[in-house]
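Here is my notebook from a first look through this structure. Have it open beside you and follow along.

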Amino acid sequence: QVQLAESGGGLVQPGGSLRLSCTASRSISSPGAMGWHRQAPGKQRELVAVIDSGGSTKYAASVKGRFTISTDNAKNTVYLQMNSLKPEDTDVYYCLLVQGRSYWGQGTQVTVSS
């Protein structure tokens with residue numbers, strides 16, 4: 001079974017920063033992709049950022065310029081650096097690994113509030 005362990009969520013003031021981490025139980029070096037999605041109550045899950053095995057990235061327009069996705073393949077980990085956080089970024093954030101099929105993390109809560 002593939003497991004994705006997420007961490008780094010929490011409460012932060014507007015304008016602050018957080019870094020989310022997601023560590024996989026197997027290598028992430030194989031062809032595929034990793035990404036982050038988020039979901040608010042009553043809303044569908046939406047793409048935040050994705051990075052493929054070639055290093056190409058894609059971001060939602062709402063986070064472009066503020067969030068950065070990166071990987072550390074030696075640690076089987078994907079990161080989401082979130083800067084200039086806004087209240088509308090408040091959501092549960094889910095890690096995604098795609099290697100033939102999709103695997104999801106358990107989600108981590110991010111709350112942006114003063």
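I began with disulfides (cysteine sulfur atoms within 2.5 Å of each other), and my search of the whole structure turned up one. C22 and C95 are its two ends, with 2.1 Å from S to S. C22 belongs to strand β3 (residues 18-24) and C95 to strand β9 (residues 91-98), so the link ties together parts 73 residues apart in sequence. Strands here are DSSP E runs of at least two residues, numbered from the N terminus. I also noted the angle about the S-S bond, -85 degrees, which makes the link left-handed.

A note on my source: this is a predicted model, where local features need pLDDT of at least 70 and side-chain atom pairs count only at pLDDT 80 or more, while totals for chains, interfaces and linings use all residues. Residues are numbered from 1 along each chain as its sequence is written, and side-chain values use heavy atoms, with hydrogens and water left out.

Are C22 and C95 buried or exposed? I found both buried (under 20% relative accessible area, 1.4 Å probe, protein chains only).

Next I looked up charges over rings (NZ of Lys or CZ of Arg within 6 Å of the ring centre and within 35 degrees of the ring normal). R45 lies over the face of Y94, 3.7 Å from the ring centre. The charged end of R45 also sits over the ring of W104, at 4.7 Å from its centre.

β7 pairs with β8 (residues 77-82) over six bridges, and I saw S70 opposite Y79 in β8.

Terms used
Helices (H or I, at least four residues) and strands (E, at least two) are DSSP runs, numbered from the N terminus. Buried means under 20% relative accessible area, exposed over 50%, partly exposed in between (1.4 Å probe, protein chains only). Two strands pair if DSSP finds at least two bridges between them.
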